[in-house]
Amino acid sequence: MSTSILLLLCLSACGQQQPQKVPGSDTTIRKWNQTIPGNFSSQSKTAFDSLKIADFLRLYPAFKPHTQEIYTFYSHRRYTYAWFENGRLIEYASNLSNRILNFQHEGVLGNPPYQRKLDSLMFAGEPIKKQPDTELELMLTAQYFVLSKLAWSGQDATTSRSANWNLPRKKVNYEEYLDSLISTRSTDFSKDEPVYRQYELLRKYLIKYHTLATQKWLPINITPGIKYGDASLVVCAVKDRLFKLGDFKGDTSGKSYDEELNEALKRFQDRHGLAVNGVLSKETLAELNVPIQKRIQQIVVNMERSRWLPVRLNSDYLAVNIPEFKLHVYHADSLLWSCNVVVGQTMHRTSIFYGDIKYVVFNPYWNIPPGIVRNEVLPAMSRNPAYLATHHMEITGYRDGLPVIRQKPGSDNALGRVKFLFPNSYNIYLHDTPSKSLFGETSRAFSHGCIRVSEPALLAAFLLKSREEWTPERIEQGMRGGPEKMITLKQTVPVFIAYFTAFIDRNNRLNFRKDIYGFDVRLSEALTTSGKTINQHP
């Protein structure tokens, strides 16, 4: 049979079923919910009349959605002041006020209510007054809950689900968390805020890009064929653009396409998932010419996704970033190593979800999904009666009018020599592949949904490290051939399938990737609509 059909089967190694409601991983959910425990302190300092809260909410009705949170916070404190000590504001109050007054840097398309009033109260509260100001006290607490909702929690679960985000949302008790922050006299939001670390990293770049947006950002028009060693006025424009983006450090007035520019282009290309060759290609120019407002939008969208993730995990876990085409292996939030992956095509998207890897299977059978049997295998069988034998496949039964077909273990098996199973309703897993050349492509969306791993032996060794008998040598031997063998992990390992088109790498560089599934557009529209609602306060 033609090799093109075999390649097609390798490219479509996994099928996707319609997701059905099934129980999630209790282990992972427990870890998720415990990321921010919080605790109430038992302070007994100067208190205020609890009736002041009702008066405050009548005066500032936009805070009424946070009524229960405010009352809960103060009832546990016995209505003692949280933001004042010895009659003066604590340092944390200024930190919170600065975040509220500069809310455009939080990646939220809207402003908190009563920013001017907060500013005036802060000015009047320090250093003139030497006793607690109840109005300022309640204003700071109310603004904290606004910040926690808009900047730390983000859009509700309806929005995340509509954005194809099937990871469970983090849970934080913000009343308890505020009390914990104040009782420990924390002064650094970026250090202690209950949000995934990428949020603060992206926030710092958002501030930079807001500054860039105040400058001219005109398209760069390059003469076709310009290359290393050439001299041209347009080279100055390229150097200036790369200088503003942080990739070029030299003299921007030089007209020569020199080694310094060549290296700067490589850095830029690496940050954008392009072929790293220092060539001013059509693809590279297109990324250089992306409007700065679009980049800001991209950062904002991914800050929102960061709000939904667990703050931290203290265990081993895997993370696949679909637009990056990468698998990242972590231990307690420290990145150990990464490798290339192949993900689903646009028409066969890899789902955004999580699971717990439970099994490593050497020399697996490939149980061919019904859709591939119907659309690809049966037509091939009608053209060539020997098709199944040629491709080492066999019929094991019949279901719903279709033959149940599997491919036997072997060198041409579409799953390669090992697969990693985390039971889920999407029929997705990680696996090896015989089509190694695809890992060299810059854009690697080729599969029918499953995720092909370029370093399967290394991943197997990581997952089986607690099984002393599974040495790297034995793993290598197990992948050479033989019957199918399933190994159950002593402890399951969470795997998160996520979608980030803007992120900060381990070298603290801002990366952008293409929105291959079009998810950024839908989420951006939802954030814009929400921003209009937020701004409808008094």
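Q: Which residues are exposed on the other side of α3?
A: This is a predicted model, in which local features need pLDDT of at least 70, side-chain atom pairs count only at pLDDT 80 or more, and totals for chains, interfaces and linings use all residues. Residues are numbered from 1 along each chain as its sequence is written, and side-chain values use heavy atoms, with hydrogens and water left out. On that side of α3, L51, R58 and L59 are exposed. Exposed means over 50% relative accessible area, buried means under 20%, and partly exposed lies in between (1.4 Å probe, protein chains only). Helices (H or I, at least four residues) and strands (E, at least two) are DSSP runs, numbered from the N terminus.

Q: And which residues of α3 are buried?
A: Helix α3 covers residues 51-59, and I53, F56 and L57 are buried in it. Seen down the axis of α3, these buried residues fall within an arc of 95 degrees, so they line one face of the helix. The arc is that of the directions from the helix axis to the C-beta atoms.

Q: Why do residues three or four places apart point the same way in an α-helix?
A: An α-helix has 3.6 residues a turn, so residues with that spacing point the same way.

Q: What do the buried residues of α3 pack against?
A: They pack against α4 (67-76) and α7 (134-153).

Q: Let us move to α5. Which of its residues are buried?
A: In helix α5 (residues 91-101), the buried residues are Y92, A93, L96, S97, R99 and I100. Viewed down the axis of α5, they fall within an arc of 160 degrees, so they line one face of the helix.

Q: Now the loops. Where does N86 lie?
A: N86 lies in the loop between β1 (84-85) and β2 (88-89). Its phi is near 55 degrees, a positive value in a residue other than glycine.

Q: Is N86 buried or exposed?
A: N86 is exposed, with a relative accessible area of 75%.

Q: What about Y114: where is it found?
A: Y114 is in the loop between α5 and α6 (115-125). Although Y114 is not a glycine, it has a positive phi of about 60 degrees. At 14% relative accessibility, Y114 counts as buried.

Q: Finally, how many helices and strands does the protein have?
A: The secondary structure comes to 20 helices and 16 strands. Of the 538 residues in the protein, 52% are buried.

Key. Contact means heavy atoms within 4.5 Å.
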